[in-house]
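Subject: Structure for you to look at

Hi,

Here is the structure I promised to pass on. Please open it alongside this message; my notes follow below.

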Amino acid sequence: MSKTESRWKVPLADVVLGSEEIEAVTQVLKSGWLSMGPKTEEFEQRFAQFLGIRHAFAAANGTAALHLACEALGLKEGDEVLCPALTFVATANAILYTGARPVFIDITGPHDLNLSVADAAAKVTERTRAIMVVHYGGYPCDMDGVRALAAKYDLKIIEDCAHAPGAVYYSQEGPRMVGAIGDVGCFSFFANKNMTTGEGGMVVTKDDELAERIRIMRSHGMTTLTWDRHKGHSFSYDVVARGYNYRLDEMRAALGIVQLRKVKAGNTKRREIILTYREKLKNLKFIEIPFLGAPEGSTHHLFPVLLRDGVRRADFMAALAGQGIQTSIHYPPIHRFSSYLSLLPFDHRLPVTEEVCSREVTLPLFPHMSQNQVQQVIGAVKNCLK
Ligand SMILES: Cc1ncc(COP(=O)(O)O)c(C=O)c1O
């Protein structure tokens with residue numbers, strides 16, 4: 001179904017690609033070099049500059065980026081990795097791919113849907129090797145707390161920044177770009193993200209050794225790329241590890257370069273819409289708005305609300321859908337999925353995650369939402385909760 005045939009007056013998320021994106025992709029098609037090459041290199045350099053970090057590697061998608069991060073850190077069977085359950089399943093799947101086990105940690109509370117550092121500390125064992133944080137909805141986690149925990153137990157830090165390209169964390173030491181704080185940062189450019197290449201991702205690190213492992217694992221464990229050989233830099237290659245084909249293609253890299261130029265402006269627009277939402281919805285008896293007191297610096301990927309006083313979520317979502325407004329749930333918690341139940345201790349409970357998740361609804365948010373659409377959502381929410 002095309003976007004114009006959509007049943008939604010206000011979709012949950014939306015993307016607008018303009019003449020710049022079309023031109024950039026067309027140029028690649030005309031150039032005849034389609035696999036990883038000069039555009040990918042340029043995208044990586046620009047992304048590294050954007051974050052102020054030494055290394056950036058484009059990947060096929062955000063999940064591949066996370067898997068590469070786990071591989072580069074040498075995670076393996078018998079290892080444990082702390083991570084939240086209130087995230088997309090790819091976060092935990094990437095850990096499982098290496099043979100390591102995700103150990104789920106609870107969230108802080110209804111006001112802050114990011115992981116609780118206190119619960120993470122309580123779940124460290126002698127097998128814990130890393131902590132994978134997720135900046136939920138683009139709101140930075142308590143990275144000072146995470147870094148202190150990691151330093152105490154010698155843990156590696158992976159940042160899942162799928163929601164957070166351009167987010168700033170105000171650390172005790174000053175502002176830091178999200179993704180450049182831990183050992184490895186991973187981004188997704190999936191179609192509903194703040195910047196998109198359709199499918200795509202990026203892995204960033206300041207560590208030269210990790211960078212080399214990521215580079216090799218991304219392309220079959222090979223020491224040189226087709227592009228290097230095309231440039232005449234080398235004639236052959238060795239295979240030094242059992243790697244993957246997690247490369248990005250040139251069309252997507254060209255799209256990414258244009259989208260990267262627009263991401264800050266898009267994030268600002270999202271913030272303006274969220275301020276209106278908050279202003280108009282914050283005094284409603286039946287909903288609670290997380291992250292109200294959060295510091296600036298979010299990319300505002302999502303606008304989650306929590307229903308209160310027994311309002312039934314299915315009824316609320318159906319009533320909004322009836323008015324042409326699409327909503328979603330971020331997220332059904334991973335530890336309750338069938339395929340995860342068998343991996344977890346029998347009594348695995350995350351009381352705060354479970355309570356908050358049962359009440360969460362995500363309202364529409366995208367940078368080019370019109371004032372009229374924002375007002376439609378606000379009006380419909382108020383109507384449904386009367
Ligand atoms: C928090 C989170 N982590 C990881 C991913 C995986 O990214 P991708 O869909 O690009 O593989 C996503 C998004 O889809 C996500 O929202």
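The crossing is right-handed. On the helix 3 side, the contact uses Leu-68, Glu-71 and Ala-72. Helix 7 brings Leu-210, Arg-213, Ile-214, Met-217 and Arg-218. By class, that contact has five nonpolar, no polar and three charged residues.

Please keep in mind that this is a predicted model.

His-220 sits in the loop between helix 7 and helix 8 (226–230). Its phi is near 65°, a positive value in a residue other than glycine.

An open sheet of seven strands runs in the order 1-11-10-7-6-2-3, and its pairing is mixed. Strand 1 (55–59) and strand 3 are at the edges. Each has a single partner strand, so one side of each is left without a neighbour in the sheet. On average, neighbouring strands here are turned by 20° against each other, direction ignored.

Strand 1 pairs with strand 11 (residues 201–205) in the antiparallel sense, over five bridges.

Helix 4 (residues 90–97) lies across strand 2 (80–84), strand 3, strand 6 (128–134) and strand 7 (156–160). Helix 4 runs at about 175° to strand 2. Helix 6 (residues 143–153) lies across strand 6 and strand 7. Its angle to strand 6 is about 170°.

There is also a hairpin. Two residues link strand 8 to strand 9 in it. The two strands, with strand 9 at residues 174–177, pair in the antiparallel sense over four bridges. Val-168 has Met-177 of strand 9 as its bridge partner.

Another open sheet has three strands, in the order 12-13-14, with antiparallel pairing. Its edge strands are strand 12 (287–288) and strand 14 (360–363), and each pairs on one side only. Strand 13 (residues 303–307) is joined to strand 14 by four bridges. Across that pair, Leu-306 stands opposite Glu-360.

Now the domains. The chain is divided into domain 1 (3–260) and domain 2 (263–384). Their C-alpha centres lie 24 Å apart. In the contact between them, 39 residues of domain 1 meet 43 residues of domain 2. Which elements supply at least two residues each on the domain 1 side? They are strand 3 (101–105), strand 4 (107–109), strand 5 (112–115), strand 8 (168–171) and helix 9. Strand 8 gives the most, with three residues. So the hairpin strand turns up again at the domain contact. By class, the domain 1 side has 25 nonpolar, nine polar and five charged residues.

Helix 9 (residues 250–281) also packs on helix 13 (residues 371–384). Their axes come within 11 Å and cross at roughly 25°. Angles under 35 degrees count as roughly parallel, so this pair is roughly parallel. The crossing is right-handed. Helix 9 makes the contact through Ile-273, Thr-276, Tyr-277, Lys-280 and Leu-281. Helix 13 uses Val-374, Ile-378 and Val-381. By class, there are six nonpolar, one polar and one charged residues in the contact.

A cis peptide bond joins His-330 and Tyr-331, with omega at about 10°. Tyr-331 is in the loop between helix 10 (313–322) and helix 11 (338–341).

If you only have a few minutes, start with two places. One is the helix 3 and helix 7 contact, with its right-handed crossing. The other is the cis peptide bond between His-330 and Tyr-331.

Best wishes

Key
Residues are numbered from 1 along each chain as its sequence is written. This is a predicted model: local features need pLDDT of at least 70, side-chain atom pairs count only at pLDDT 80 or more; totals for chains, interfaces and linings use all residues. Axes are lines fitted to C-alpha atoms, for helices over the stretch in contact, and angles run from 0 to 180 degrees between N-to-C directions. Angles under 35 degrees count as roughly parallel, over 145 as roughly antiparallel, 65 to 115 as roughly perpendicular and the rest as oblique. A crossing is left-handed if the near helix is turned anticlockwise from the far one by less than a right angle, and right-handed if clockwise. Two residues are in contact if their C-beta atoms, placed from the backbone, lie within 7 Å. Ala, Val, Leu, Ile, Met, Phe, Trp, Tyr, Cys and Pro count as nonpolar, Asp, Glu, Lys and Arg as charged, and the others, Gly among them, as polar. Domain bounds come from an automatic or database domain assignment. Two strands pair if DSSP finds at least two bridges between them.
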